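Please look through the sequence and the model shown here before reading the report that follows. The report goes through ring pairs, cores and sheets in turn.

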Amino acid sequence: MTAKLSVLKPLFRFTLLLMTVFMLSRIGLLLWQQQRLVDGDSIAVLIGGLRIDLSSLGYLSALAVLMLLANVFLRSKTALFQHAFTLYSSLVVTLIVVVEASTPAFINQYDVRPNRLFVEYLDYPQEVFSMLLNGHQLAMISTLIIATLSCVFAYRFINVAFSKQQNTKKASQVVILVTTLIICLISARGTVSHRPLNPALVYFSGDSLVNSLVLNSPYSVAFALKNMGNEKNASSLYGTMPRSDIIDTVKKASYRSQFTIEAIPTLAANTAFTHKSKKNLVIILEESLGARFVGELGGIGVTPHLDKLYKEGWGFNNLYATGTRSVRGIEAVTTGFIPSPSRSVVKLSKSQHNFFSLADVLARTGYTTQFIYGGESHFDNMKSFFLGNGFCDIVDINDIQSPEFISSWGVSDEDLFNQADKELNELNKAGKPFFSLVFTSSNHDPFDIPEGKVTLPEGHDPQNYKRDLAIKYADYALGKFIAKAKTQDYWQDTVFLVVADHDVRVFGSEPVPLKSFHIPAVILNSDMKAKRDTRLVSQMDLPVTLLSLLGVEQATPMIGYDLTKQYPVERAMMQYYDNFAYVENGEAVILMPNQKVSYWRYDPASKTQVAIDNADSSVELAKKALAHVLFSNLAYTEQLYRLPNKP
């Protein structure tokens, strides 16, 4: 029997290496994240992880078995298929070692195993390579060494198995290999039930990180790739609701009236705060600036210039981002769209034209519209989305004159703001109102900034020194720009919004750690008097509010609140991977895949989030949450989120 099974020796060695890498990585991560685990979690992770690993082995081994079958059938080509098997298996082992080795760094940033974000950045190799070269040289070199050693060891370890095979009858080998192939396919499916194995079947915790530890990182990335090819439908994750109920619930919750066009169900006008002549609008979108860094919001105090602006303008104490990526922040600030489990509309195909944006509505009312970015504007599909939806001018790194400092992601914030000042002066001379969106990038990993501009006090946390220094530099550049803008002719006729796109990272054991979505925002130079607004509000409320401050009353499909007014409720919505949170008047509902719902009480002042039992009011709130996330999907797929077509 041993002689007959010798045909499987190369496969045994291949699978042994894979299982060793998977198990050692998972055990290491469990030991590292011990503080996030509760009693029984480790066992559940290991048992569920075994199912995922066996499924992964099934997929990866099936092709290898086919090579072994070809090796049996085509004896004259034995050397060819043996080399093909050895090369394939050693490269697979190497790739898995690299992905697992990069997992701790990814968890440090995103608090979850590698997923779709791990591959989305591969669309921009120049930026990614530059970031690695400038800020992660040690990690890059270590990874290359690990990859080389893994590849050499795996090749030799697997290749020697062919020399130890014993001659057996061809028929016996075929039977064994076909049986093995069937076992691989069953293992890949992972279950004999109606649906194949998927992450939802092994998830057991309300903590997204703990759930992700059950997976192995290649499986997590592969599952994300599969879903990227088939955009997620919220109804398949959270449940269904009649179409009419979805629309009626969302319209009622918007506290708008006079919905007039059935084809655009949420299209409604809003009475503006001011009726003076049109002011210009400048939105400064600050990269990765969470409230945790802002002194005026109880943070560590590395933003003295933003703190000063909070005292001069309309500052929001409890504003919450809709997501964890820049494109999600762009989506909220420029379109007011509800976040969803799909990618941001900035990247989706159906929203590249005739989708609502601030630029579109302002362009129709006589504004010149512009986007200014210090990097490549094609990144995250921004250029395509903006040009297709109302922005008439794009200024990026290729247009910035004589930059003094260029980092991995583009020119420094100082260079960006110097160019922005030139652009705003030119727009002002043209005599037309203008809207300019300025997107910064200095506060982005690897936090590469000009030397000697800012310093941190001695004794500052060394683990986060480079990141916090970059945040202070971004704040320094912002303060320098605002001070200069105040001396320019365009200042008195321009409303400024300074807002973060998202926090630098999300961390917490809750399905959606609400405190990590808290970001700063301040509106300057509007007709609203300087004040501190303590209401809980959402990033998606900002574009509605800005139109009101500009005196624009054209109907839009946005359902965010005009914060110049008072509403019976305070609410925010956010998406954290596959989990959707709806917060209203201190209660939060979190929708999770497999139609799971959890209920929470949230205090913005203390940022405490406590699980509660579902009461009648919570169930009603869950229905409202479901209606909103389903509307996001409905509005996108049926193209309901737009302005009436241009003549």
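## Aromatic pairs

Phenylalanine 106 and tyrosine 110 are both buried, where buried means under 20% relative accessible area, exposed means over 50% and partly exposed lies in between, with a 1.4 Å probe and protein chains only. Both residues lie in helix α4 (residues 78-110), 4 residues apart, which is about one turn of the helix; helices (H or I, at least four residues) and strands (E, at least two) are DSSP runs, numbered from the N terminus. This is a predicted model, in which local features need pLDDT of at least 70 and side-chain atom pairs count only at pLDDT 80 or more, while totals for chains, interfaces and linings use all residues. Residues are numbered from 1 along each chain as its sequence is written, and side-chain values use heavy atoms, with hydrogens and water left out.

The structure holds 29 aromatic pairs, a pair being two rings of Phe, Tyr or Trp (its six-membered ring) with centres within 6.5 Å, counted as stacked if the planes are under 30 degrees apart, as edge-to-face if over 60 and as tilted for the rest. The rings of phenylalanine 106 and tyrosine 110 have centres 4.7 Å apart and planes at 40°, so this pair is tilted. The rings of phenylalanine 371 and tyrosine 373, by contrast, have centres 6.1 Å apart and planes at 15°, so that pair is stacked. Phenylalanine 371 is buried, with a relative accessible area of 0%, and tyrosine 373 also counts as buried, at 4% relative accessibility. Ring pairs link these two residues into a cluster whose members include Phe337, Phe391, Phe435 and Tyr641.

## Charges over rings

In two places a charged end sits over a ring, which requires NZ of Lys or CZ of Arg to be within 6 Å of the ring centre and within 35 degrees of the ring normal. The charged end of arginine 13 sits over the ring of phenylalanine 157, 4.5 Å from its centre, and the charged end of arginine 36 sits over the ring of phenylalanine 507, 4.6 Å from its centre.

## Nonpolar cores

A nonpolar core is a set of buried Ala, Val, Leu, Ile, Met, Phe, Trp, Tyr and Cys residues joined through side-chain atoms within 4.5 Å. The largest core has 137 residues, and those with the most contacts inside it are Ile283, Phe435, Phe496 and Val499. Helix α21 (residues 616-637) gives the largest share of this core, 11 residues. Another core, of 31 residues, lies apart from it, with Leu17, Ala62, Leu69 and Ile158 among its members.

Contact means heavy atoms within 4.5 Å. Not counting residues up to four places away in sequence, phenylalanine 435 touches a set of residues including Leu281, Ile283, Leu358, Tyr367 and Phe391.

## The mixed sheet

Strands of a sheet pair through backbone hydrogen bonds, either parallel or antiparallel, and two strands are taken to pair here if DSSP finds at least two bridges between them. An open sheet of 8 strands has the order β4-β3-β7-β1-β8-β9-β2-β10, with mixed pairing. β4 (393-395) and β10 (531-538) stand at the edges with a single partner strand each, so one side of each is left without a neighbour in the sheet. From one strand to the next, the twist averages 15°, where axes are lines fitted to C-alpha atoms, for helices over the stretch in contact, and angles run from 0 to 180 degrees between N-to-C directions.

Within this sheet, strand β1 (residues 280-286) and strand β8 (residues 494-500) run parallel and are joined by 7 bridges, and phenylalanine 496 in β8 is the bridge partner of valine 282. Helix α19 (residues 465-485) lies across β1, β8 and β9 (518-524), running at about 165° to β1.

## The antiparallel sheet

A further open sheet, of 5 strands with antiparallel pairing, has the order β11-β12-β13-β14-β15. Its edge strands are β11 (571-576) and β15, each of which pairs on one side only. β11 is joined to strand β12 (residues 579-584) by 6 bridges, with valine 583 in β12 as the bridge partner of alanine 572. Helix α21 packs on the sheet, touching β11, β12, β13, β14 and β15, and its direction makes about 55° with that of β13.

β13 and β14 form a hairpin with 3 residues between them, where asparagine 594 in the turn has a positive phi of about 70°. In the hairpin of β14 and β15, with 4 residues between the strands, lysine 607 takes a positive phi near 55°.
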